[in-house]
Number of protein chains: 2
Amino acid sequence: MEEELLMIPGPVPVIARIREAMAKPMITHRGDEFSQIYGEIVENLKNIFQTRNDLFVLSGSGTCAMEAAVGNIIKRTNDAGKTEMRCVTIANGKFGERFTEIAERYGADVTPVHFEWGHSIELERVKEALENSPTPKVVTMAHNETSVGILNPAKEVGKLAKKHDAIFVLDCITSIGGDNVPVDEFGADIAIVGSQKCLGMPPGLAALSISERAWELMEENPSRPYYQDLVAYKKSYKKKQTPYTPALPLFFALHEALEIIKEEGMAKRIKRHRTLSKSIRAAVTSLGLSLFPKLNEVSDYSNTVTAINMPLEKGITDEQLRGGMRKKGVVVSGGQGELKGKIFRIASMGNITSTEILRTIEVLEQVLMENKFIEEEGKGLEAAKGVISFS
Amino acid sequence: MEEELLMIPGPVPVIARIREAMAKPMITHRGDEFSQIYGEIVENLKNIFQTRNDLFVLSGSGTCAMEAAVGNIIKRTNDAGKTEMRCVTIANGKFGERFTEIAERYGADVTPVHFEWGHSIELERVKEALENSPTPKVVTMAHNETSVGILNPAKEVGKLAKKHDAIFVLDCITSIGGDNVPVDEFGADIAIVGSQKCLGMPPGLAALSISERAWELMEENPSRPYYQDLVAYKKSYKKKQTPYTPALPLFFALHEALEIIKEEGMAKRIKRHRTLSKSIRAAVTSLGLSLFPKLNEVSDYSNTVTAINMPLEKGITDEQLRGGMRKKGVVVSGGQGELKGKIFRIASMGNITSTEILRTIEVLEQVLMENKFIEEEGKGLEAAKGVISFS
């Protein structure tokens with residue numbers, strides 16, 4: 001049986017070399033071999049993050065690291081039951097809003113700066129919220145908003161955060177490893193990546209970088225989470241260990257995945273991701289489909305996931321489009337939450353190549369043809385190939 | 001190069017059949033294939049837990065599940081800054097004390113009932129603490145206290161918990177899968193297992209069962225952790241999914257590990273663990289070494305990890321004993337915290353057999369001989385073989 005081709009924004013397809021690294025025998029996590037592997041992982045990730053900050057790997061999903069970021073900074077409540085931290089949560093999709101949920105769960109004084117899903121972030125509203133929030137404060141944002149396929153203005157928000165003395169927490173879960181994410185240049189005090197996205201890994205790990213000023217808040221916070229206690233991670237890293245038993249097979253795989261990234265080189269890797277996502281955009285628009293995000297001058301289309309309006313006006317449903325593609329062996333994502341049935345999303349993350357992109361476009365065209373949305377096949381493939389061969 | 005033999009209480013050696021299951025291609029975690037795998041995992045684990053309660057698998061270590069148990073129950077603080085939950089934390093080793101740390105982190109009103117490490121739990125003191133704590137209250141304990149090799153009185157504490165209307169949280173991280181742990185009969189409202197212990201899996205997953213009365217407290221708690229939000233796990237399980245992306249390769253491995261347990265049968269598996277730990281105890285005592293735990297009428301030696309006093313009085317150090325064994329390819333654990341250098345621990349968990357036990361004893365004897373603790377080799381092996389062949 002032919003494998004299904006996963007074109008979803010995680011889990012991404014994982015090449016055999018990385019999968020097979022997981023079959024290695026176990027080692028003790030308190031020994032030299034683990035320390036060497038973990039140390040090399042951290043150094044390689046710091047290069048990809050373009051950061052001089054501390055960096056650790058958590059055995060958990062991207063959400064685990066999002067909670068770690070916010071939860072270590074927000075002091076739950078003081079003796080009088082009052083929170084001591086304001087949190088400005090910028091969002092134009094599901095993952096930005098997840099920070100709002102986490103911050104509320106931790107009892108912060110939250111100012112949500114929410115935009116309609118897929119619309120661009122307006123810096124004026126961010127500025128206003130930051131001006132009106134006394135310090136200490138945190139501002140959170142998803143860099144690459146996976147749920148709507150938009151790239152948010154990290155650099156610009158980073159500048160505002162700095163100006164208003166706010167800790168900047170940036171979810172780069174689906175951008176780091178596939179796009180240019182200079183964490184320190186962006187001014188991100190905490191930046192997060194997930195394993196099963198642009199790093200081309202299986203799910204199960206997340207990494208985050210932490211700045212000096214973020215440490216200051218964390219170290220004086222008595223209500224830090226326990227499993228995700230970043231101060232404990234810092235202490236254990238003195239021996240290049242983790243505070244609790246790490247998910248060893250995934251560390252073996254991450255070590256291998258980062259070697260593969262070094263072999264390709266980040267510049268080539270970023271260019272590949274950009275070319276492939278551009279080829280998807282070219283293909284779907286040439287077929288008469290439209291892209292979902294509403295861009296402004298500071299936003300851009302995501303370079304790792306493309307969100308496309310479902311052609312409901314032509315009577316084509318999610319079940320027909322995505323269900324039809326799946327029957328032909330290609331899995332793409334639907335919309336989340338209120339966008340269910342209204343959009344579909346094609347990821348182009350990790351170690352995938354033009355082969356997978358062209359197969360996806362071919363199958364999309366077949367399904368559009370069967371549903372009488374197009375009258376002949378080939379235009380999409382031609383457009384995609386045009387972008388790929390030009391690059 | 002010959003592999004090192006890991007005789008530590010996790011990570012345990014993992015047999016090839018389980019390791020190779022991880023090399024499978026990725027699947028979507030929102031599809032039928034994952035739901036089937038997860039559903040089967042849950043049913044198999046419920047049988048091993050001997051529970052009718054709900055059960056979920058977290059992508060994280062045993063500590064992740066310990067925090068989930070306590071953190072979902074303890075309401076952080078009310079509007080006046082006062083906690084609303086008392087927590088009686090029984091401990092006679094590192095892992096029991098970990099519950100004290102977690103409960104304090106969550107702001108509970110904690111009554112530690114701590115005994116000297118390796119000493120037995122005195123039920124009278126537990127009873128007293130429960131009598132003096134108003135409801136709502138939680139009582140926590142490690143069933144198999146890995147740090148000191150003692151098996152604590154789960155059934156008896158469960159009865160006290162019931163009598164005093166306390167939620168009983170039982171860490172069975174290193175007992176379930178290797179010893180008889182009838183969770184419902186013990187009255188454990190929450191019971192926890194770790195993957196890299198008696199289940200014979202790599203590290204990275206933990207599972208926990210949750211009773212109806214534990215759900216009642218959790219569902220009305222607004223300050224539940226986010227990544228470990230068990231109410232979210234319950235909701236997602238309606239579709240046999242997890243709320244956040246699961247560590248897929250580890251789920252593939254757990255699925256396989258549980259098949260292996262079914263093939264062996266739990267009765268045989270428990271007997272094997274008991275025989276092997278008994279053979280270790282017989283071997284070390286025949287060599288003139290002494291066991292660390294101080295038992296009373298309600299405690300027992302652990303059936304999955306044996307803690308042995310370091311023969312310091314004969315001038316043998318941790319470095320000589322454990323370092324010597326490691327040079328010969330066998331890794332055993334040292335003492336943790338204040339027991340560092342004072343004890344060593346040999347695990348007998350998961351899918352190991354008498355072969356690994358005998359190799360360990362042989363190497364222990366060689367090292368004891370080299371350090372002049374014994375005058376001839378063979379007594380330990382003979383004692384171990386006696387137990388094994390008798391079983």
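Two residues are in contact here if their C-beta atoms, placed from the backbone, lie within 7 Å. All the views below come from a predicted model.

**View 1. Helices α2 and α10 of chain A, residue by residue.** On the α2(A) side, the contact is made by A:I37, A:Y38, A:E40, A:I41, A:N44, A:L45 and A:I48. Facing them from α10(A) are A:F251, A:L254, A:H255, A:L258, A:I261 and A:K262. Sorted by class, this contact of α2(A) with α10(A) holds nine nonpolar, two polar and two charged residues.

**View 2. How α2 and α10 of chain A cross.** Two packed helices are described by the angle between their axes and the distance between the axes. Here, α2 (residues 32–49) and α10 (residues 248–264) of chain A pack at about 45 degrees, and their axes are 10 Å apart. That angle makes α2(A) oblique to α10(A). As for handedness, the crossing of α2(A) and α10(A) is left-handed.

**View 3. The two domains of chain A.** Chain A splits into domain 1 (5–10 + 266–390) and domain 2 (17–262). Taken over C-alpha atoms, the centres of domain 1 and domain 2 of chain A are 28 Å apart. Domain 1 of chain A puts 29 residues into the contact, and domain 2 of chain A puts in 32 residues.

**View 4. Domain 1 of chain A, on the side that touches domain 2.** Elements giving two or more residues to this side of domain 1 of chain A are α11 (266–286), β11 (300–301) and β12 (305–309) of chain A. The most comes from α11(A), with four residues. Counted by class, this side of domain 1 of chain A has 12 nonpolar, 12 polar and five charged residues.

**View 5. Where chain A meets chain B.** Each partner gets its own count: 47 residues from chain A and 47 residues from chain B take part in the contact. On the chain A side, the elements that supply two or more residues are α1 (16–21), α3 (62–73), α4 (94–105) and α10 of chain A. The residues on this side of chain A divide into 24 nonpolar, 15 polar and eight charged.

**View 6. The symmetry of chains A and B.** Two copies of a chain are related by a rotation about an axis and a shift along it. For this pair, a rotation of 180 degrees with 0.0 Å of shift along its axis superposes chain A on chain B, with RMSD 0.0 Å. That is the relation of a two-fold axis. Of the interface residues of chain A, 100% are also interface residues in chain B, so the copies meet through the same surface.

Terms used
Residues are numbered from 1 along each chain as its sequence is written. Chains are lettered from A and ligands numbered from 1 in the order in which they are written. This is a predicted model: local features need pLDDT of at least 70, side-chain atom pairs count only at pLDDT 80 or more; totals for chains, interfaces and linings use all residues. Domain bounds come from an automatic or database domain assignment. Ala, Val, Leu, Ile, Met, Phe, Trp, Tyr, Cys and Pro count as nonpolar, Asp, Glu, Lys and Arg as charged, and the others, Gly among them, as polar. Axes are lines fitted to C-alpha atoms, for helices over the stretch in contact, and angles run from 0 to 180 degrees between N-to-C directions. Angles under 35 degrees count as roughly parallel, over 145 as roughly antiparallel, 65 to 115 as roughly perpendicular and the rest as oblique. A crossing is left-handed if the near helix is turned anticlockwise from the far one by less than a right angle, and right-handed if clockwise. Copies are superposed by least squares on the C-alpha atoms of residues with pLDDT of at least 70 in both.
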